[in-house]
Amino acid sequence: MARTRPAALRDGDLASAVGNLRLDMQARYGLQVAVEWPSSPYPLPLASAVTVYRFFQEALLNVVKHADVDGATAELAVTEDSVTAEVRDEAAGCDPESGRPERGRPVGPGLITERARRTGGRVAGARDPGRGTNPPWPLPRPRRG
């Protein structure tokens with residue numbers, strides 16, 4: 001359960017939580033993860049931070065399981081209207097709708113698509129060949145105040 005909601009998230013620090021996930025992926029699987037993060041901090045509500053963290057966690061595990069590559073990039077971008085999480089790798093890619101339910105639950109890319117739908121976001125279409133298996137995942141930007 002600690003990997004699902006790491007302690008850093010309780011303190012509102014998504015960047016540290018993803019940084020620790022990056023280190024864990026390297027130690028456990030040898031996956032080198034480059035992180036691209038906004039230059040200005042934008043605090044997210046806990047529920048949104050957990051959702052974004054889970055996306056990164058699932059997407060990076062998909063890279064380990066399916067991509068047969070040694071590196072990936074985890075990126076978070078914040079615009080006026082959305083918070084977009086993306087994991088890129090150099091694998092061939094697949095259709096995000098291809099995750100078949102297992103015992104009634106989506107798996108792999110299907111799980112990411114379902115999580116996006118439940119949080120008001122969406123998976124932004126299938127990737128081009130050579131762009132990996134995890135399409136950008138825009139969520140509505142939570143408003144402050």
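I count a residue as buried when its relative accessible area is under 20%, as exposed when over 50%, and as partly exposed in between, with a 1.4 Å probe and protein chains only as cover. The model is a predicted one, in which local features need pLDDT of at least 70 and side-chain atom pairs count only at pLDDT 80 or more, while totals for chains, interfaces and linings use all residues. Residues are numbered from 1 along each chain as its sequence is written, and side-chain values use heavy atoms, with hydrogens and water left out.

I looked up the elements, taken as DSSP runs numbered from the N terminus (helices H or I, at least four residues; strands E, at least two), and found the order α-α-β-α-β-β-α-β.

I then turned to α2, whose buried residues are L14, A17, V18, L21 and M25. Seen down the axis of α2, they fall within an arc of 95° (taken from the directions from the helix axis to the C-beta atoms), so they line one face of the helix. An α-helix has 3.6 residues a turn, so residues three or four places apart point the same way. I noted that the cover over the buried residues of α2 includes α1, β1 (32-36), α3 and β2, and that G30, with a positive phi near 75°, follows α2.

Last, I checked L60, which is in contact (heavy atoms within 4.5 Å) with L21, M25, L31, V33, A72 and V87, once its neighbours within four places in sequence are left aside.
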